[in-house]
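Let's take a walk through a protein fold together, one stop at a time. Keep the picture open while you read.

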Amino acid sequence: MPKTPIETYETIQLDRSTVAEKIRSAPPKKACFVVMGGMDVGRVIALNEPVITIGRNAKCTVVLQDDGVSRFHVKVRREAEDSIIIRDLDSTNGTFIGGERIAEAMLYDGTKVLIGRRTILKFTFLDELEYYFQQQMYETSTRDGLTGVYNRRYFSQKIITDLSFARRHQIPCTLVILDIDHFKKVNDAYGHRTGDQVLITVTEAVGKLIRKEDILARYGGEEFVVIAQGTDLVNGKALGKRIQRCIAEQRIPALDNPNIGIKVTVSIGVATVPSDVSVEADVLISTADTNLFRAKRLGRNQVVTSPVSPLPDKQ
């Protein structure tokens with residue numbers, strides 16, 4: 001029998017590169033979920049622990065930001081290395097495999113699980129390189145390359161789901177839009193590298209002020225947004241004020257001359273959808289953006305807030 005092409009060659013050199021060493025020494029493949037549909041498409045969920053809970057509640061091992069997912073939706077337990085069981089936790093919208101609602105089922109490589117109304121999880125086994133690649137793809141699709149915060153694409157999806165959740169549970173939802181004042185002057189005076197450092201410093205400062213469940217995203221250029229679900233107008237204004245003061249206190253060294261400390265300020269527009277009001281995402285964004293424009297007209301380094309008014313019914 002003729003040899004296959006790969007058998008006609010002898011190994012004369014061993015690749016000692018870091019990547020090759022990782023391939024040779026890679027541990028067994030790990031059990032994972034890959035999100036195939038819903039809010040976090042592309043996200044990889046490693047099933048490393050013996051028991052994992054998945055749901056919308058912050059106490060779950062894995063939190064899915066989808067209003068169709070129950071607070072505690074499913075439990076996944078490992079009975080052996082390749083024996084994974086999923087059990088529904090009496091969820092409102094159910095757990096489905098192959099179109100059938102299940103109470104408990106064994107997971108096999110390639111099994112697709114529908115959680116709630118639209119979140120689809122594919123169960124699979126990934127080695128270290130496959131896991132890293134998949135995770136990098138997800139990060140690239142949802143994160144801003146410079147600052148590391150969420151990008152506008154992710155924000156545009158998240159604001160819709162958060163408003164839907166707030167409407168269903170009758171809780172307020174606040175949107176904060178902030179813009180770095182006179183940012184072009186920073187770039188012109190100190191260069192774009194320093195300008196980039198200003199953007200990074202601002203996002204790091206804001207990230208420390210918001211809650212874990214809040215969403216910080218880059219809206220475009222020097223504009224950033226914060227979604228604070230469950231935050232009313234009073235607390236939304238307080239959050240805007242904290243951000244304003246914190247940024248004004250920052251001293252950012254110029255990269256080409258660390259002895260020079262750059263001070264920047266931000267103008268902020270805050271808009272809140274009250275718990276008894278139902279509006280679409282574009283109305284909330286437009287209101288916050290209008291308040292941002294008013295803050296600039298008032299002299300910048302200001303915070304302007306207002307509730308979102310429902311649109312009048314069309315006759």
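A residue is called buried if its relative accessible area is under 20%, exposed if it is over 50%, and partly exposed in between, using a 1.4 Å probe and protein chains only. This is a predicted model, so local features need pLDDT of at least 70 and side-chain atom pairs count only at pLDDT 80 or more, while totals for chains, interfaces and linings use all residues. Residues are numbered from 1 along each chain as its sequence is written, and side-chain values use heavy atoms, with hydrogens and water left out.

Now for our first stop, Asn 151. At 14% relative accessibility, Asn 151 counts as buried. You'll find Asn 151 in the loop between H2 and H3. (Helices are DSSP runs of H or I with at least four residues, strands are runs of E with at least two, and both are numbered from the N terminus.) The side chain of Asn 151 reaches the backbone oxygen of Ser 141 at 3.1 Å. That is a polar contact, meaning a pair of N or O atoms within 3.5 Å; within protein, one must be able to donate a hydrogen and the other to accept it, and residues adjacent in sequence count only if both atoms are side-chain atoms. Not counting residues up to four places away in sequence, Asn 151 also touches several others, including Thr 140, Asp 144, Ala 217 and Arg 218. Touching, or contact, means heavy atoms within 4.5 Å.

The loop between helix H2 (128–142) and H3 also holds Thr 147. Thr 147 counts as buried, at 14% relative accessibility. Its side chain makes a polar contact with the side chain of Asp 144, at 2.7 Å. Leaving out residues up to four places away in sequence, Thr 147 touches Leu 199, Ile 200, Thr 203 and Phe 224.

Let's zoom out for a moment. The protein chain has seven helices and 18 strands. Of its 315 residues, 45% count as buried. Take the contacts in the chain with a separation of 6 or more: residues 24 or more positions apart account for 55% of them.

What happens in the interior? In soluble globular proteins, nonpolar side chains tend to be buried together. A nonpolar core is a set of buried Ala, Val, Leu, Ile, Met, Phe, Trp, Tyr and Cys residues joined through side-chain atoms within 4.5 Å. The largest one here has 28 residues, and those with the most contacts inside it are Ile 180 and Val 264. Among the elements that give two or more residues to this core are strand E12 (173–180), helix H5 (192–209) and helix H6 (233–248). The largest share, five residues, comes from H5. Apart from this core lies another, of 27 residues, among them Tyr 154, Tyr 219, Ile 227 and Ala 281.

Next, look at two packed helices. Helix H3 (residues 152–169) and helix H7 (residues 281–297) pack at an angle of about 110°, with their axes 9 Å apart. That makes H3 roughly perpendicular to H7, a label for angles of 65 to 115 degrees; under 35 counts as roughly parallel, over 145 as roughly antiparallel and the rest as oblique. The axes are lines fitted to C-alpha atoms, for helices over the stretch in contact, and angles run from 0 to 180 degrees between N-to-C directions. At the meeting place, Phe 155, Ile 159, Ile 160 and Leu 163 in H3 meet Ala 281, Leu 284 and Ile 285 in H7.

Helix H7 also contains Leu 292. Leu 292 is buried, with a relative accessible area of 2%. Leu 292 and Ser 267 are 25 residues apart in sequence, yet 6.4 Å apart in space, C-alpha to C-alpha.

Finally, check the backbone. Most residues other than glycine have a negative phi. Gln 170, which is not a glycine, has a positive phi of about 55°. Gln 170 is found in the loop between H3 and E12, and at 58% relative accessibility Gln 170 counts as exposed. His 182 has a positive phi too, near 50°. His 182 sits in the loop between E12 and H4 and counts as partly exposed, at 41% relative accessibility.
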